[in-house]
Amino acid sequence: MDSQSGDVITPERTVSAAAPPSAAPVARPAPSSVAAAPKPSGAIVESTPDPPVNKMRRHIVWASIAGFLITCFLMFLRFFLPRAIFEPSTVFKIGFPSDYALGVDTKWQQEYRIWVGKTSDRLFVIYARCTHLGCTPDWKASENKFKCPCHGSGYDSEGINFEGPAPRPMDRAHVEIDPEGQIVVDTNRLFRWPKGDRNEFEDKDRGAYLSV
Ligand code: FES
């Protein structure tokens, strides 16, 4: 032993006591006396068949994706369409004056929200809207009057208010005769009779009624 450096000297080799453990010699595998078997070239790899449940899952996934994309596409198209409410025309024909008997005819109430009134000398069209808050009154033939179901306003057969909170008679729509002799109504042009104000129902020249 060298007392100066701390090395141990053996006949075969010299081992340094200060050398780190990683410096130990790495053992190498002994050469095999048997040669490695050659890998087979062109080997056939067998794949297991896809079970039906997997196919079904794939179909469900693809169907979901397709549905999602179609929905997105439709919403995209909807964005470019006009956001409008399509209402029936305010100008329409209701037949000939001779089609109506004296009194109140309610056959156009559902389609056009009007009643046709006929007296001995004139035909007019009442717009079926209560002048209180806008409900549609009911025609009570047995009582010969209109009755509003909302707050009880009453109107006579010509739409003139006589009870309840309605402030004025129901409005009347513009009427005229077309070249064929049919009545043409325009509910966009209404005639009013506000309380204490001018009675527009008498404006025959402007189309408030027809002479019969
Ligand atoms: Fe007709 Fe009120 S809405 S009485």
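## Aromatic pairs, cores and a pocket

The structure holds five aromatic pairs. Keep in mind as you browse that this is a predicted model.

**Aromatic pairs**
- Trp108 and Tyr112 make a tilted pair, with 5.7 Å centre to centre and 40° between the planes.
- Both Trp108 and Tyr112 are buried.
- Trp115 and Phe146 also form a tilted pair, at 4.2 Å centre to centre and 35° between the planes.
- Trp115 counts as buried because its relative accessibility is 0%, and Phe146 is buried with a relative accessible area of 0%.
- Phe92, Trp108 and Tyr112 are linked by ring pairs into a cluster.

**Nonpolar cores**
- The largest nonpolar core has 15 residues, of which Ile94, Ile114, Val125, Ile183 and Val185 touch the most other members.
- Strands S5 (114-118), S6 (122-127), S11 (172-177) and S12 (183-191) each give two or more residues to this core, and S6 gives the most, with three.
- Leaving aside residues up to four places away in sequence, Val185 touches Thr90, Val91, Phe92, Ile94, Val125, Ala173, His174 and Val175.
- A second, separate core of 14 residues includes Ile126, Phe146, Phe201 and Ala208.

**Largest pocket**
- The largest pocket has a volume of about 190 Å³.
- Among its lining residues are Glu87, Phe92, Tyr112, Arg113, Tyr127 and Asn188.
- Helix H2 (109-112) and S12 each give two or more residues to the lining.
- The lining divides into four nonpolar, four polar and three charged residues.

Methods. Residues numbered from 1 in each chain as written. Predicted model: local features only at pLDDT ≥ 70, side-chain atom pairs only at ≥ 80, totals over all residues. Heavy atoms only, no water. Core = buried A, V, L, I, M, F, W, Y, C linked by side-chain atoms within 4.5 Å. Buried < 20%, exposed > 50% of the residue type's maximum accessible area, 1.4 Å probe, protein only. Helix = DSSP H or I, 4+ residues; strand = E, 2+ residues; numbered from the N terminus. Contact = heavy atoms within 4.5 Å. 1 Å grid on protein atoms, 1.4 Å probe; cavity = no way out; pocket = protein on both sides within 12 Å on 5 of 7 lines; lining within 4 Å. Points joined across faces, edges and corners; volume = space filled by probe spheres on them. Nonpolar A, V, L, I, M, F, W, Y, C, P; charged D, E, K, R; others polar. Phe/Tyr/Trp six-rings, centres within 6.5 Å; stacked < 30°, edge-to-face > 60°.
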